[in-house]
Amino acid sequence: MEMVNLSLTEAYALAHKVLRGNGFSEAHAAAVAKNVTHGERDGCASHGLWRLLGIVETLRKGKVSPDVEPVITDTAPAIVKADAGGAFSLLAFERALPLLMEKARHSGIAALAINRCVHFSALFADVEPLTEAGLVALATTPSHAWVAPAGGTQPLFGTNPIAFGWPRGDKPPFIFDMATSAAARGEIQLHQRAGKAVPEGWGIDSDGQATTDAQAILDGAMLTFGGHKGSALAAMVELLAGPLIGDMTSAESLAWDNGAGGLPYGGELILALDPTRFLGDDAATHLARAETLFSGMQQQGARLPGERRYQSRERANRDGVEITHSLFRDISALLK
Ligand code: PYC
């Protein structure tokens, strides 16, 4: 396959140019370009530059605001609300982050509810700045009804990712970011683009039959990971980042889309916890115990979540990123 190599500066510049050229404000273009560049840099192609296609399509279908400014509200001692006003979540997150951190440091725990946001981005990017500030973090969001509950055959849940981060001082944080579906929808779309079959267990066709045909799954239903366990977690995500924060479930998001094919619309919940508030003078002792746990994992040959991402980041910082020529061509065509 013919590949195009881009330095991270070039990747960001391409994304930024596409976004500005399609009418996104400077603030939104910068936030989105940074996010998709970081997705590509970190080896997460399903949330990398490829996303620009869906981002611009969503804009052209009138399903995302290109320029509305988020409104941040201090609603309770430990709660921040960010109204994204129908724009992507990323700028609202950026603008609300300092107040979330301040509240977490003050109370030991704080929550940020982002409402009325269009969401496409990997959640590791939202927990990482919190872990870098020494906080424990959890983020979650529903999406569109694409995933059948365990025991069912009809899409009801979103891919409903959960990201968790633990700070590790000067070491890279412990972060996992996993869809509660067997794979991100973006992964299935990338397989479909490449004409490749997906692994077994990712989804079913519209007759409820197991299939490895990416298009049949996109037309049918995705499956949760881990059967009823993933299904229960997916339901939890619907509740926490839907009704709890007064925002849409994945089924409501898809109904709102009304067949336009835009990206999911709804809420995101982010929790931040300050270990030094929980532990006081004992914080260092107990954070060291966490390191013992991580070493125990590694001594058995287990990889810590995020390790591959950091390796990919190091490589991309040095060598840039590679995307297929066909993707480069499709992204460049968005400039016309
Ligand atoms: O790829 O799972 C996914 C996804 C979620 C929201 C938009 N895309």
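The views come from a predicted model, in which local features need pLDDT of at least 70, side-chain atom pairs count only at pLDDT 80 or more, and totals for chains, interfaces and linings use all residues. Residues are numbered from 1 along each chain as its sequence is written, and side-chain values use heavy atoms, with hydrogens and water left out.

View B. A polar backbone atom of Gly 186 is 2.7 Å from a ligand oxygen. For Arg 185, a backbone N or O atom lies 2.9 Å from an oxygen atom of the ligand. Thr 159 places a polar side-chain atom 3.0 Å from a ligand oxygen. The protein buries 92% of the 240 Å² that the ligand exposes when taken alone (Shrake-Rupley method, 1.4 Å probe).

**View C. Aromatic pairs.** The structure holds 6 aromatic pairs (rings of Phe, Tyr and Trp, the last by its six-membered ring, with centres within 6.5 Å; planes under 30 degrees apart count as stacked, over 60 as edge-to-face and the rest as tilted). Phe 88 and Phe 120 form an edge-to-face pair, 5.0 Å centre to centre with 85 degrees between the planes. The two residues are 32 apart in the chain: Phe 88 is in the loop between strand S3 (79-83) and helix H4 (89-107), and Phe 120 in the loop between strand S4 (109-118) and helix H5 (124-132) (DSSP runs numbered from the N terminus; helices are H or I with at least four residues, strands E with at least two). Phe 88 is buried at 1% relative accessibility, and Phe 120 is buried at 4% (buried is under 20% relative accessible area, exposed over 50%, partly exposed in between; 1.4 Å probe, protein chains only). Phe 164, Phe 174, Phe 176 and Phe 294 form one aromatic cluster.

**View D. Residues with positive phi.** Arg 116, in strand S4, has a phi near 50 degrees and is partly exposed at 39% relative accessible area. Asn 258 has a phi of about 55 degrees; its place is the loop between helix H9 (250-257) and strand S12 (265-273). Asn 258 is exposed, at 66%.

How values were computed: Polar contact = N/O pair within 3.5 Å; in protein donor to acceptor, adjacent residues only side chain to side chain.
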